[in-house]
Amino acid sequence: MALLDLGYILSAVIEIILPIILAIIIWKKFKVSWAIFFLGLILFIASLIRIPLNNYISVFLKTPLKGELYIIIIGIIAGFSAGIFEEGVRCIAFGAVIRPRDYYKGIMYGIGHGGGESMIFVGFSVLANYIVYKFFPNILPSNIISQFKSSAWWLPLVGAGERILAITIQIAFSVLIMHAFIYKKFYIIPLTILFHALIDFTAYYVNYKLGMLYAELSVVVFAVAAIAVIFLLQPKKYKHAKL
């Protein structure tokens, strides 16, 4: 039980604290305003207006589509809606709000965007669920208690690892869209939307076919590509800057 407790606590700490640590590094080293971090967080929340739309479409298509075809179509729609809405708010941020545009402002925005998701929708949720399970178990159904007790101690850390990968990918998306606006290479925007949709659909479909661990392994591959994007698009004047 002690290991399970440790797993939940470490998971919540990573999911909540990691984005803050990354933002502090960028703020101190490159003097990027915290306002950009919070802009990323707020606009990520704004991008979630796609969720009711996705829910409506999934209900609408449930009757005409059956089985795996339904799963595939819904996954494609969800992936593209995430790409369109999330990259859309990035375009608003970098096209209309952030001046002057700068590589590390893109990094900070990406930390806020991915970190907001990690902190608010994952980290605090994990922490709240753990606190209720640990200190107020009587208010939970017996099947939920059983699920907590039967969980492998390391399982919460898988979620924390997934958040690290997701933040990395969100930073790469932000760097790509910032690059598009700085150098007026606007063809990068639809390519980023496609890349976003591909990542989301792949993780969703692999999870459906093979399970969560294989889905996370697929995200690892994309996160490695994201790291390459982050470093390859770094302007030459920053190449030797040490974090």
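I looked up S174 first: its relative accessibility is 0%, so S174 counts as buried (under 20% relative accessible area; exposed is over 50%, partly exposed in between, with a 1.4 Å probe and protein chains only). S174 sits in helix α7, residues 155-182. Helices are DSSP runs of H or I, at least four residues, numbered from the N terminus. Leaving aside neighbours within four places in sequence, I find S174 in contact (heavy atoms within 4.5 Å) with R90, F94, G106, Y109 and G110.

The model is predicted: local features need pLDDT of at least 70, side-chain atom pairs count only at pLDDT 80 or more, and totals for chains, interfaces and linings use all residues. Residues are numbered from 1 along each chain as its sequence is written, and side-chain values use heavy atoms, without hydrogens and water.

Next, α8 and α9. I read an angle of about 155° between helix α8 (residues 188-210) and helix α9 (residues 212-232), with axes 7 Å apart. That makes α8 roughly antiparallel to α9 (angles over 145 degrees). In their contact I count eleven nonpolar residues, three polar and no charged.

Then the rings. The whole structure holds 15 aromatic pairs (ring centres within 6.5 Å). W27 is partly exposed at 39% relative accessibility, and W34 is partly exposed at 24%. F44 and F121 pair edge-to-face (planes over 60 degrees apart), at 5.9 Å and 70°. F44 lies in α2 and F121 in α5, 77 residues apart.

Technical notes
Axes are lines fitted to C-alpha atoms, for helices over the stretch in contact, and angles run from 0 to 180 degrees between N-to-C directions. Helices (H or I, at least four residues) and strands (E, at least two) are DSSP runs, numbered from the N terminus. Angles under 35 degrees count as roughly parallel, over 145 as roughly antiparallel, 65 to 115 as roughly perpendicular and the rest as oblique. Ala, Val, Leu, Ile, Met, Phe, Trp, Tyr, Cys and Pro count as nonpolar, Asp, Glu, Lys and Arg as charged, and the others, Gly among them, as polar. Rings of Phe, Tyr and Trp (its six-membered ring) pair if their centres lie within 6.5 Å; planes under 30 degrees apart count as stacked, over 60 as edge-to-face and the rest as tilted.
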